[in-house]
Amino acid sequence: MKKSIVLVLVVLMTVSMLLAGCGNDSTASESAASQEASASATGESAPAADASEGGTGTVSGKIGILMPSVVVARWADDAKSMEEAAKAIGLETEVQFADDAIETQVMQIENMVTKGYKALIICPVNAEALTEVLGKAKKAGVTVISYDRLIQGTEDVDYYVTFDNIKVGEVCGQYIVDALDLETNQGPFNLEIFTGDIADNNAKMTLEGGMNILQPYIDNGQLVVKSGQTTLEQTATKGWATGEAQNRMDNIMSGFYTSDKLDAIFSTYGGMSLGCIASLQALGYGTDEKPMPIITAQDGELAIVQAVANGTLSMSLFKDTRALAKQAIDLTAASLKGETVELDASKFYDNGAFEVPTVLLDPIPFDKSNLDKVMIEDSGYWTKEDIYG
Ligand code: GAL
């Protein structure tokens with residue numbers, strides 16, 4: 001993302017597939033989209049843009065929603081929210097999960113293009129593997145939205161909707177600094193690092209954010225990474241998978257912590273953090289004598305929230321999948337109506353081919369102290385019974 005640009009760019013939508021009965025009232029989606037794009041850094045989730053409000057234009061036809069897998073629980077929730085938001089404005093949907101397989105996702109996209117779908121909302125399994133198939137989609141006039149993960153290396157993407165990934169890493173890093181009180185406490189403390197799938201730009205960005213905060217403390221010796229594994233390649237977790245993280249944690253613990261204590265784990269997805277926790281519990285961590293290290297996470301899946309509630313996981317960042325889903329559908333609708341959407345160019349993400357018009361939502365950090373407020377009272381994302389039984 002180029003931070004230096006602070007102009008508001010007018011993105012002219014040139015989608016050829018204008019639909020019957022389309023009006024050109026773009027006010028609602030324009031203002032809400034820019035509002036969303038400039039959501040404050042207070043952690044408040046801005047209301048989603050709403051193409052269904054106030055406009056005379058309607059949309060119709062079918063769109064494809066392509067999610068990476070059902071292994072990570074949130075993708076099914078994201079898809080469900082998108083289906084509901086699409087239905088509310090008259091769009092039909094087909095949802096496909098790719099089983100984390102690149103070829104499957106490419107095939108699914110190809111099929112949907114062949115079937116004449118108007119738009120595709122894609123969370124890529126592999127961000128760099130879609131150039132060819134999206135070339136075909138663009139030729140067919142299909143609107144393409146990159147969902148949560150940035151599709152790389154192609155201009156054939158209309159919009160990107162995501163949460164601020166650098167901020168996710170920075171918040172996790174800062175949580176560790178504060179929890180260990182590194183401003184006053186010299187340590188040294190032992191830290192290990194877990195990032196996501198190497199084919200997902202979010203893994204790179206969250207690590208970058210984390211290192212913005214943690215690197216100075218690693219450099220001055222207050223934090224020690226005993227495994228020596230700090231690069232993206234060394235810390236990546238295939239498929240962001242719980243089992244993969246657990247295996248790597250097992251290896252790190254047996255290789256470097258047979259006599260030393262682990263104080264903190266920087267992890268940017270709760271599923272991976274839960275893998276680390278399972279590994280540590282098997283080694284007797286999680287008691288008064290041997291407390292769990294500080295462990296960070298991301299996402300608001302139930303198992304993650306419950307782990308924060310029961311104190312095994314220190315914190316996470318709530319990414320409201322409903323808001324992201326709504327944003328994707330509303331940009332799709334605007335695009336299908338041929339509307340002009342204004343977005344804040346300072347938030348655009350560079351995908352290696354161009355600066356992709358991006359809507360950036362704010363993730364909301366929570367730990368035990370504000371869990372009820374963030375996850376139950378303010379958002380209604382989960383109920384008290386969901387979390388505490
Ligand atoms: C990332 C996303 C994370 C998490 C992860 C697991 O792309 O940014 O929030 O959901 O995928 O699939």
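Predicted model: local features only at pLDDT ≥ 70, side-chain atom pairs only at ≥ 80, totals over all residues.
Visitor: How do you know that the buried residues of α2 line one face of the helix?
Guide: The buried ones are Arg-74, Trp-75, Asp-78, Ala-79, Ser-81, Met-82, Ala-85 and Ala-86. Looking down the axis of α2, they fall within an arc of 165°, so they sit along one face. As for partners, these buried residues pack against β2 (62-67), β3 (92-97), β4 (119-122) and α11 (321-336).

Visitor: What puts the buried residues of α10 on the same side?
Guide: In α10, Ile-304, Val-305, Ala-307 and Val-308 are buried. Around the axis they cover an arc of only 160°, which puts them on the same side of α10. Their cover includes α9 (270-282), β11 (315-318), β16 (364-367), α12 (371-378) and α13 (384-388). Just after α10 comes Gly-311, with a positive phi of about 85°.

Visitor: Why does Asp-181 count as exposed?
Guide: Asp-181 has 10, so it counts as exposed. You'll find Asp-181 in the loop between α5 and β7. Its phi is positive, about 50°, although it is not a glycine.

Visitor: And why does Asp-299 count as buried?
Guide: Buried takes 20 or more such neighbours. Asp-299 has 24 C-beta neighbours inside 10 Å, so it counts as buried. Asp-299 is in the loop between β10 (294-295) and α10 (302-309). Its phi is near 95°, again positive in a residue other than glycine. For context, most residues other than glycine have a negative phi.

Visitor: Why is Met-107 called partly exposed?
Guide: That label covers the counts between the exposed limit of 12 and the buried limit of 20. Met-107 has 14 C-beta neighbours inside 10 Å, so partly exposed it is. Met-107 belongs to helix α3 (residues 102-114), and its C-alpha is 8.6 Å from that of Val-133, a residue 26 positions away along the chain.

Visitor: Which peptide bond is cis, and what is its omega?
Guide: The bond from Gly-187 to Pro-188 is cis, with omega near 5°. Pro-188 is in the loop between α5 (165-179) and β7 (189-194). Most peptide bonds are trans.

Visitor: Which residues surround the ligand?
Guide: Val-72, Arg-74, Asp-148, Arg-149, Gly-196, Asp-200, Asn-202, Trp-240, Tyr-269, Gln-298, Asp-299 and Lys-319. Sorted by class, this shell has three nonpolar, three polar and six charged residues. At least three of the shell residues come from each of domain 1 (1-163 + 320-362) and domain 2 (166-298).

Visitor: How many helices and strands does the protein chain have?
Guide: The protein chain has 13 helices and 16 strands. Of its 389 residues, 51% are buried. Among contacts between residues at least 6 apart in sequence, 77% join residues at least 24 apart.

How values were computed
Residues numbered from 1 in each chain as written. Near = placed C-beta within 6 Å. Nonpolar A, V, L, I, M, F, W, Y, C, P; charged D, E, K, R; others polar. Domains from an automatic or database assignment. Helix = DSSP H or I, 4+ residues; strand = E, 2+ residues; numbered from the N terminus. Arc of directions from axis to C-beta. Contact = placed C-beta atoms within 7 Å.
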